[in-house]
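Please open the model in your viewer and keep the sequence panel beside it. The tour below goes from one selection to the next, and at each stop it says what to look for.

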Amino acid sequence: MKTINNFIKIIIFLVVLNGGILLITYVLTPKIPSFYREKHYDAVFFGTSQSYCSFDPLIFDEYDLKTYNRGRQQQTMNYTYYYIKDALDVCDIDVVVLEVFGMFYEEDDTGFISEGVRDSSLNDMRMSETKIEAIRECVPEEMQISYFFPLDKYHFRWEELDYASWNGFYNSALKPYYEEADRGYKRWTESEVCVDDYWSIAFSEIRRDVYAGNIKYLDKIYELCQKKGAKLILVKAPLPCYDRVIEETNTVSDWAEEHDIELINYMRLQDVLELNFYTDSLDGGTHLNESGAGKVSKHLAAYLKENYFE
């Protein structure tokens, strides 16, 4: 009898211990964005910073299109695949818009091993089978434990919690979602003049090989969208626009044609956008600012409305 009582006490202790660990982990782990609250989007944008600097959901609202921007800094194609998979697991998306700059990272690019890229891609992804798969596939094996059990990684968040009131504690610790400013779009108004003559080289037909690992994940994104019934559209933002990007965009364009997928190359539509290289670039030709993003967003919103939502 004594043995049974001791066994029961051990079981109760383990249950309480595990429950406490799970609760503390929940409290300390960064919250997931309000993207996950919704069950349907007309279009969701994915990719690198080129995505979150180019597509403004507020402008798509004007065209009665419900959108969200899930672009993340320097996001490599392996993470982008899992981001799209996770999004399609959560909600119904009519159009997946992928800005293709992530296709141009080379095999030895630091983005594939960068802690910043890992964190920006995994921290606000809900815990699920897809996230577990992403960790196993993308994170070095010796670092995976901190993403499966992030107590050590985020223990400092105790200092950020608001204990002054129940509402403060709920919003900082227990609330499952946070409101992401501008639904993921980065609204920067600064401008820096582009000094290079981008227009003269944008129509080059030269091809340059793209890292095969990126093609692999683009294939997987295509197959995933086919399976989920989402329309895949590829977009190349008008910036950056230099030789290697132009040549590799041409190669991705060939892939798109082979798969009957549309690629909107805004590097070749700078006149249509009336892009102003004195006012529309955030950082001298690498990213768009709010003015430039407004021009891209209006054009793309009108195009989507006319061709996919009429």
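**First stop: Asp-124**

Select Asp-124 together with Arg-72, whose side chains make a polar contact at 2.6 Å; a polar contact is a pair of N or O atoms within 3.5 Å, where, within protein, one must be able to donate a hydrogen and the other to accept it, and where residues adjacent in sequence count only if both atoms are side-chain atoms. What you are looking at is a predicted model, in which local features need pLDDT of at least 70 and side-chain atom pairs count only at pLDDT 80 or more, while totals for chains, interfaces and linings use all residues. Residues are numbered from 1 along each chain as its sequence is written, and side-chain values use heavy atoms, with hydrogens and water left out.

Asp-124 is found in the loop between helix H5 (115-122) and helix H6 (129-138); helices (H or I, at least four residues) and strands (E, at least two) are DSSP runs, numbered from the N terminus. Is Asp-124 buried or exposed? Asp-124 counts as buried because its relative accessibility is 7%, where buried means under 20% relative accessible area, exposed over 50%, and partly exposed in between (1.4 Å probe, protein chains only). Now show the residues that Asp-124 touches, not counting those up to four places away in sequence; among them are Lys-31, Pro-33, Tyr-83 and Tyr-178, a contact being heavy atoms within 4.5 Å.

**Second stop: Lys-85**

Move to helix H4 (residues 77-90), where Lys-85 has its place. Lys-85 counts as buried, at 18% relative accessibility, and, leaving aside neighbours within four places in sequence, Lys-85 is in contact with Thr-130, Glu-133 and Leu-224.

Next select residues 290-308, the 19 residues of helix H12. At the start of H12, a side-chain oxygen of Asn-289 reaches to within 3.1 Å of the backbone nitrogen of Ser-291. Colour the buried residues of H12, including Gly-292, Val-296, Leu-300 and Leu-304, and then look at what the buried residues pack against, including strand E2 (40-46), strand E4 (92-99) and helix H11 (270-273).

**Last stop: Val-195 and the whole chain**

Finally, select Val-195, in the loop between strand E5 (177-178) and helix H9 (212-228); Val-195 counts as exposed, because its relative accessibility is 71%. Zoom out to the whole protein chain, whose secondary structure comes to 12 helices and 7 strands, and in which 49% of the 310 residues count as buried.

Notes
The expected span of a helix is 1.5 Å times one less than its number of residues.
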